[in-house]
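Dear colleague,

I am handing over a structure for you to look through, and below it you will find what turned up in it. Please keep the view open beside this message while you read.

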Amino acid sequence: MVRKKLDERIRTLFQHSLQTNQRSLLLLVGDHGKDQVPNLHQILQRTADHSKSERVSNSNSVLWCYKKELGFSTHRKKRMEKLKRDKKRGLAKQTISGTGTGSAALEQMDNFELFLTNTDITWCYYKDSHRVLGTTHSILVLQDFEALTPNIMARTIETVRGGGLVIFLLRTVKSLRQLYAMTMDVHSRYRTEGSGEVVTPRFNERFILSLAGCENCLVCDDELNILPLSKKTLNRLTKMGLSGSTNEDEGEGRKKKQKDVLTFKTEDDVQLQQLKETLQDTPHVGKLVELTKTLDQARAVLTFLEACADRDKNTNSASSPLASALSSSKSTTVSLTAARGRGKSAALGLCLAGAISFGFTSIVVTAPEPENLVAVFQFLIEGLKALKYQEHYDYTVGYNYGGFDNADSGEKAGRDNTKCVVSVTIHNTGKGGKQEKRQTVRYVRPREVEKMVGAELVAIDEAAAIPLPVVRQLMGMNSNHGGKKAAGGDGEESRRLTFLSSTINGYEGTGRALSLKLIKELRDSNTTKGGRAVTAAAREASADIAGAATKKGEAKVHEKRWAAESAAAKNAPTSSSSPLRELELSHPIRYALGDPVEAWLNNLLCLDCDSFDYNNTLTNKSGAAATSSMELKGGAPAPAECELYCVNRDALFSYHRLSESFLQKLWGLYTSAHYKNTPNDLQMLSDAPAHNVFVLLGPTAESSDGEEDALPDILAIIQTSLEGKLSRKTVAAQLARGHRSAGDLIPWTMSQQFGDGNFAQLSGARVVRAAVHPGVQGMGYGSRAMELLFRYYNGEMVSLDGGGGGDAMSEDEEDESADETPSESESDEEPASSDKLLHKEALKPRKKLPPLLLPLSSVPTPRLDWLGTSFGLTPSLHNFWQTKAGMTLLYLRQTSNELTGEHS
């Protein structure tokens, strides 16, 4: 058989990834891409063995995710039986017969067979991808591209360790432009009877174009020939390969140099090692800190353990501000926020093990689902083992089915109920084998508040995914025992320690509801209480100075009182003893800081909008404000002077530089104003045909002031969805079966609740989301945006040119398609040149784009019969929609919403 030489730049990419602890990304285009997975696995393994890297060589597990059909069997006996059947039918002989192709196919089949037999492969359906959370793999294979969603990508790519590889498998195409128009499975949810069957897959185009900006990404065909889309990466790898070839003949000197690179330690690694050596002999702490992987994680564990150790200290003996806060009669909260993959759950589990060693008897852990606490209980058990606890002798582990002391006992593990740890019981044996008080760590669902009453320590993991009212209720509780009466306290209120952990971005896309609302409320509450304490101390000090009976001018009583108030205010307790302590983890665990694949994924899915460098945002140098990265450049203009603009989604998702900046800025407002924003919502915004986006801009939006690349400040965003126009037959058929199709929320709800099938035939628009910039909320910008939206849908925004703008835009798009796709028509006429087209085309963002922002007067107005919205009922929102927006409440859901905890 003829062997083909591998492009050395692929091996150079693997070597660079292993040396820098970064991940690599490969996109294989072709039906035989899966046959190259064993070869890539072998190359990566040999590169790791040659580099003496322990990152991949110790654990070469593979995670293979797919939709429904693999195309081959994963069962060895079934594969052997199929091979025997093929031999009997003569199919195997036809494969082996021939000169060179038959033997090549046979050897390829044997190579794939060895790969399936000797490799640790985890097979996972896309619908079960939540089960891989907390696991770590060296290679990730994502098959069936049409079934991929942004949530699945963010969830699975995060499981790959540094030095690992992410592989996308795509079908054979003549041109990568064909992927722009690929119909995805999720598009069936976006199609409604009123919007039609046409779905424009804008997200695919942005996904393909974004691969060119990833430094560690290569786009290849199914024979590992690198395509021109990876030009930026190719240039960098070519330079790296040339620099490496100059030292090829140096032998041991080259190996030594390579070894020095692999063993290089950053400043944080040196500080972490010094911290571990310093705390090595410290009881309860040294063993737990030894299990941490980063300096941020070690500091977080120390802060949590400090809170546990200083729980019962008095104010006089407090050695730190946190200890002073813990000695008060109030409950103490330690907040930990981090991005996905920073070791947040591991730190929480180690802290719970430390709390057990410090004598906490009743610990409650809560999260949206028990599966979210797999890593927490895993590191809790590892921490107990490090503290010399033995399973079955010192502690017992309970699972979510068939275990004792478990409210969920009796449930069976299956697709909907994954087996996981939900409780750990520690059996304390005193002198003479006498049983002492039992210590427990148990999982309780967030809404089962009554079961947390007797807890000394409450740990809330993934707090941003729990409805905000529920989190407030959990933090407002007080335990019945576990703390001593505060020194000098008047009441019998007990103290409770709360650990609050949350992911600020990741596959959940939980947004900033927790950090901007709950944490802000706690911070403001502490500031208010501190201000009241300062005012009370100042008044008391000034009251002690009595006025003089004679010579009042010489006595200077007012000056003395002012001086006494100033001194008392300085000595009064301030926020340094606040019962809130905020921590943040920034260094990833599985891979290096600044990983190119992570940066690419964050920009693609808008997961890290706060750190995006907008050209019109001002960063507060002090960093005191939580929303300083989104500070408005143009200030806060009068709401009456602001105008509403329609955002063209073709231009927004074109991957143009300014469009990307505007998209990141727009999505940043969404994450700051709503409970939960998943990456799937971004795909719905881009591809759903019935959705539209409007932005409220200031009066200076159209004037650039000499700056061509300046972007206007977004004061408010409104996302709408056109609904209705359902036929009577459709409504009757769906209601008779008790089901309803995706979309058209308001028509289906009104038809079901009021039995009016005629309402669904009307056409309307539903306000899906309305977000106002955090810095100008409550100033009337939301009301102004809704007022302009009403006027637009009522037909009051009349175009002076008769709506010619829409026709001109469509003509531009036709000209653009005629200019940019001649190669595809040529490839249809000449099938033999399809491979040449794939290997020569260079994809770039479109140059001819429609305007990004359009005035409402130039956008055709749809004919509507109603305008409505669905929201979680709160007094403030009810006042806004009914009083300021002028809407009428027609339906109130009797059960609370699972997402927001409120009644819709």
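This is a predicted model: local features need pLDDT of at least 70, side-chain atom pairs count only at pLDDT 80 or more; totals for chains, interfaces and linings use all residues.

**Strand pairing in the sheet**

As background, the strands of a sheet pair through backbone hydrogen bonds, and they may do so in a parallel or an antiparallel way.

Is β1 enclosed by the rest of the structure or left open? Six of the six residues of β1 are buried, so this strand is largely enclosed by the rest of the structure. In a regular strand the side chains alternate between the two faces of the sheet. In β1 both faces are covered, with Ser24, Leu26 and Leu28 buried on one side and Leu25, Leu27 and Val29 buried on the other.

**Salt bridges**

Side chains of opposite charge can pair when their charged atoms come close. How many salt bridges does the model contain? The count comes to 17 salt bridges, and I describe some of them here.

Arg11 forms a salt bridge with Glu8, and the closest N and O atoms of the two are 3.1 Å apart. Both Arg11 and Glu8 lie in helix α1 (residues 8-20), where they are three residues apart, or about one turn of the helix. Arg11 counts as partly exposed at 26% relative accessibility, and Glu8 is partly exposed as well, with a relative accessible area of 41%.

Asp595 forms a salt bridge with Arg23, with 3.0 Å between the closest N and O atoms. This pair links distant parts of the chain, 572 residues apart, since Asp595 is in the loop between β14 (580-585) and α22 (596-605) and Arg23 is in the loop between α1 and β1. Both Asp595 and Arg23 are buried.

Lys67 forms a salt bridge with Asp185, and the closest N and O atoms are 3.0 Å apart. Here too the pair links distant parts of the chain, 118 residues apart, with Lys67 in the loop between β2 (62-66) and α4 (76-89) and Asp185 in the loop between β5 and α8 (187-190). Lys67 is partly exposed, with a relative accessible area of 40%, while Asp185 counts as partly exposed at 31% relative accessibility.

Finally, Glu643, Arg784 and Glu787 are linked with one another in a network of salt bridges.

With best wishes

How values were computed: Residues are numbered from 1 along each chain as its sequence is written. Side-chain values use heavy atoms; hydrogens and water are left out. A salt bridge is a side-chain nitrogen of Lys or Arg within 4 Å of a carboxyl oxygen of Asp or Glu. Helices (H or I, at least four residues) and strands (E, at least two) are DSSP runs, numbered from the N terminus. Buried means under 20% relative accessible area, exposed over 50%, partly exposed in between (1.4 Å probe, protein chains only).
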